[in-house]
Every structure is written in structure tokens, then in C-alpha cells.
Amino acid sequence: MSSSAGPTGSLPHRAVSSIRAGAGDRSSLQALPSTPHTPPQRTSIVPSAFGSPSTLRADDEVIVIELGSRNLRLGFAGDAAPKKIVSFGPEQQRRAGDFRAWDAAYQADWRKRASGKPWGADHELWQLDVRGQDLSLIGDKLERELRDAFTKYLLIDSRPRRLTLVLPPTLPMPLISSVFDTVFTRFQAPSISLLSSPVMSAMAAGTRSGLVIDIGWQETTITAVYEYREVHSWRTVRAGKLLVEETYEFLTNVVRGRPATARTERTEDKLEDNAVSFEECEEFATRMLWCRRPAKQSTQNDTEGLPTLHEQDETETVAPSEDQSLMEITLNSCKPPKTVEIPFAELAEPCEAVFFEPHLSPSCFDDHEIPVHLLAYRALLQLPLDVRAICMSRIIFTGGCSNIIGLQGRIFDEVSILAKERGWDPIRGKGVDQYKANTKLRRNNSRQSTEGPTPVPVQAESSNTEGGETAPPANPAHAPPEVDQVEEIIKKERNYKPIVQGTLRVLDSLGPWCGASMATQLKIPALATVDRELWLQQGVNGACRPSEVDVKAQQRQSMGAGGLIRGQTSQASSNWTLGVWGSIY
């Protein structure tokens, strides 16, 4: 019987292996085990380039953060604009479940919330004077805003990511230490790269050099940048904070019935019934203030012939500086709320008093309160000749207060007038003017620095013997050079354009954050890069001065066996710097 057949008598078509093998090329198939088993894990056929986008983006993405005293801009490297612009204020400091902002009496009770603190202190993240400031509170505010922006706007998880900080060059070292402690301990960032705000502003303008005028909140900073390096910085307190305080005095005079331009002593108590809140003063300064043109108009070089008659709009009968039409302004923070009427021409007085102060002599100002246009002219005057020629043709305005109508043009016109009247001679005074005007005291071989090269008299070869007249001597230095035809052809083929220098000109910039986003995306080396492990071990005291770090020694590295860097690895890891922020001036 078939049931009594042994193993040797089994039929071929009953074997499991023959059924699974099937017909075809059996040599190409692998032998499968006869017992049940778990299938082996197959490798993914999806290439790594098309894998999970979150994993790839977490490895490559860099978060760019621009840190200011009032605002915080952050986004991904390579983006054209930041994802989020955070403005610090008391509304961002409310806890969960605090709905007092919707109370009808909450807005009118601003005096109680502002008492016991400096005016407008709730709207600032930090101040330049770090004495008496709670650095831990600054770190907590920064952590809350960063975590909220990462979750709601950047839509990223808690995975560690590299950061790039764009900082102003005047940021104090205690504030930098507080920011680094917050980022390294609470966000686990592996490294932080530091970039300078003026250099990134110049890069966002498409130039490697320039004079960056940053009209910020705490102070106005003028920085000369030459080939992506900071040459020198000048500072003045005439900035947004002083403008808001001047706006408060301006509105207080209007509310009390005094002339708006009356100059009185600044009152320390800004919480009285007739006082205006900080929020309303800032909104008034942002929306209503403007800047008038200079009293001395900058004229072009005089040309021969009759002056050109420019067409004018007949509908515009009154100049803005003479317009006395009344503007109705409603002030809701007063007790009781009032509606005041202010002439349009007087709305330019706060900007005139804060940024220019034309009624006072330059000798009346201290070094920290020089008017902006005078400081810009002195900055150009103190630069070397070649750096000045490049920077004066690339003046860049940035900062929040630079958006005031007419302010950029006014500063540029004032600098142009000073350059035309005084030239680029640093020596000034009545004695110099008398020396220049007296021809007896000037020797024949002396010349001024602004007159150009010394003329060399050359006797004329031909003379008129009949009339006894000779041709005037020619100056070879003023003779135009001969045109080289071969050089002109090469310039046309290479589309050569001469470098613009020696003339005053203004360039537009996209801002420091956009410049840092582009520089980080192009993987341009930062001014300083700080690793998390080194910071947690050494802190801010472990940073070396920039002059003590041998950059050439760090670049002399070779690849050893297994791809390990050898040579100066230990020295490169032990020596790190904070760039311009770690220098001792």
C-alpha cells in the first residue's frame, strides 16, 4: 500500500522543495530552509537621497538668529527672510491662564504695571549697562521666545542643531555668556558660530566694504568694513531710545498746553496723569515723525551757462517744512483721554533735536553724544586714504530708526555738505583759516593736501617773438594720459567696469539676517565657532584673544590612516576665541 511506503518511496511531486522551486532557472534561486522561520530583514530599496527628509534636514540645516535688544529674528540658513520676528514686551511674559489682557481696565492700569522699573524696561531684552541686571532672567526670556518660535514657526523637534548668532560688535561679554549658557544647556546645540552684524549688512548689500550706519535702539553704531573685516567702530547714544524719550517730552508739552518745541528739563516721573505710556509714544514715533531737509542744500558743481530751470508741481503750494496744517492725534493713555492738534511741520522737531541738534556748537557735545552726521564725517576722516575712498562710496543704513521718512537722506546731505565745506583735512580752526587766506605766510613750495599734486612748470618750446608773449607753462601732472588701444580692447572683452570710489553714495541692504543666511548657506567660515563641550568645560574664561590663536597652524592639518586629522588637532581644540567680542580694547 502507498501508506506503507518508506521515505525512499515518496513521490517527487510530493516534496515541498520541488513545489517552492518551480520551473525555470533553479541555479539563480537561493536554497530556502524547509522549516518555518522569520524572513530576513530586507534592505530598503529607497536610496538615501530619497529617505526621510526630517533626518537629512536635521543634519544639514542651520538656524540663523539675529539678537537685538528689542527684536529677535530667526529662521533657516538659505531663506530669503526670517521665519519669525519676535518683539519683546510685557505681553510675551504672561503665564498660561493669564487672561488679564482682555480685561477692560487692564489697558488703563499701565501705570501700576510700570511702577518701580525704568520707563520701557519691559520692552527690552537687555541693556548695555549690565550693572544690576538679572542675567538669569534674560536667559529665561530668551529661552521662552526661542522655544516658542521653534515649535510654532520653524516646526522643528528637539533634536540638537547648529546655530549661527548675528551679534552687534558692542555687545558686552556678560550678555554673551548668558546667551551661550542658555543655548548650550537648554537646547543642546553642538556648536555656535558668531557673525558680526555690520559685516553681514555689507554682504547683504552686495559689497565687501562699506560704512555701515546702524541706527538701533540703545545707540547708533558706525562701523567701517573693509574686505569683510571691521576696521573701527564709533558709537553715539542718539538712537531710538532717546527718540522715544524726546517724543514723550514733545507730547507732554502738547497735552499741557505748552509749545511743542519748548525745551524743558526731562522729568523722571513718567507715571503722572498727564503722562503718555511707552507703547503710545513708540507708536506715535513710528507712524507720525519725519525728518526735514537740511538748511543748506547740497549743490552740485557749478557749470558754465545759465542755470537749469527745473519743473515744479503746481499743485504743491507749501513745502513740508512750512506746512502748518493741523494733525489730530488721540492719546488714550492720558487721564482722561485727549485729542490734540499738532501742526505737520512741528512733527519733525523730535528727529531734529535727537539726531542733529543744529542749534549747538560741535564743541558742546561729549564723545558719547555726537550728532550722527558729524560722527559719520569724523569716521570717514579718521580712516586711511584707500579705505576712505572705498567706504565713502558704499554708505549703508540699517536699524529700525533708519526707516523714519527722510532720515537717511538728511544724514547723507549733511555729510556731503561737511565734506564740501571742510574737505578731508583733519586740521581745523581759525588759525588754519587765516593761514590759508594769507598769501604772504604761504611759501611757494607749500601746498594743501586737497589741492592735488604740485604743478611742475615747463617752459614752452615755441614763443611769439614778435609780440614778446610766451605760452603759459603746462602742468604735466594734469595732462590726460595717452589711451592704450590694446588695453581698451581687453577691457571691452572682459566687460571691465572701474571701481566706484572717491564719491559719496548710498547702497541699500537687505539687513544683517539675510547676509548671515546667505553666508551660512555658502559655508563661509565664521568669525568664531564655539563647541558645546569646550564651553561647558572652560566657560567664557577659556576663550583666547584673537591674536593668540595661530590660524595658520590650525590650517596645517593632514589626513592620517582612517581619515583622522593629525598634526595640530590638540592645539586647534584647545585654542578657541570669541572673535571681536573677546578682544580687550
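**Entry 1: S191 and the ground rules**

In which strand is S191 found? I looked it up: S191 sits in strand β5, residues 191-196. Helices (H or I, at least four residues) and strands (E, at least two) are DSSP runs, numbered from the N terminus. The model is predicted, so I note that local features need pLDDT of at least 70 and side-chain atom pairs pLDDT 80 or more, while totals for chains, interfaces and linings use all residues. Residues are numbered from 1 along each chain as its sequence is written, and side-chain values use heavy atoms, with hydrogens and water left out.

Is S191 buried or exposed? S191 counts as buried because its relative accessibility is 10%. Buried means under 20% relative accessible area, exposed over 50%, partly exposed in between (1.4 Å probe, protein chains only). I then listed its contacts, meaning heavy atoms within 4.5 Å. Neighbours within four places in sequence aside, S191 touches R162, L163, F184, T529, V530 and D531.

**Entry 2: the whole chain**

I counted 18 helices and 17 strands in the protein chain. Of its 585 residues, 37% count as buried. Among contacts with a separation of 6 or more, 70% join residues 24 or more positions apart. D140 lies in helix α4, residues 135-152. D140 counts as partly exposed because its relative accessibility is 36%.

**Entry 3: the cores**

Next I looked for nonpolar cores. Such a core is a set of buried Ala, Val, Leu, Ile, Met, Phe, Trp, Tyr and Cys residues joined through side-chain atoms within 4.5 Å. The largest has 57 residues, and I342 and F355 have the most contacts inside it. Helix α10 (residues 372-382) gives this core its largest share, eight residues. Apart from it lies another core of 38 residues, including I156, L175, V179 and F187.

What does F355 touch beyond its neighbours within four places in sequence? I found I215, R238, A239, L243, P371, V372, H373, C401, I404 and L407.

**Entry 4: the open sheet**

I traced an open sheet of five strands, in the order β8-β7-β6-β11-β14, with mixed pairing. Two strands pair if DSSP finds at least two bridges between them. The edges are β8 (229-236) and β14 (506-507), each pairing on one side only.

Strand β7 (residues 220-226) is antiparallel to β8, over seven bridges. There, Y226 stands opposite R229 of β8. Strand β6 (residues 210-215) runs parallel to β11, joined by four bridges. D214 faces T398 in β11. β11 and β14 are parallel too, over two bridges, and I396 has L507 of β14 as its bridge partner.

I checked both faces of β11 (residues 395-398). I395 and F397 are buried on one side, I396 and T398 on the other.

**Entry 5: a covered helix**

How many residues of helix α6 are buried? Eight of its eight are, in residues 197-204. G206 follows α6, and its phi is positive, near 80°.

**Entry 6: salt bridges**

A salt bridge here is a side-chain nitrogen of Lys or Arg within 4 Å of a carboxyl oxygen of Asp or Glu. I found 23 of them in the whole structure.

R238 is in the loop between β8 and α7 (240-255), E357 in the loop between α9 (349-356) and α10, 119 residues apart. Both R238 and E357 are buried.

D413 and R293 also meet in a salt bridge, 3.5 Å from N to O. D413 is in helix α12 (residues 407-422), and R293 is in the loop between α8 (278-287) and β9 (326-331), 120 residues apart. D413 is buried, with a relative accessible area of 10%, whereas R293 counts as exposed at 53% relative accessibility.

I also noted a network of salt bridges linking R292, E349, E352, R410 and E414.
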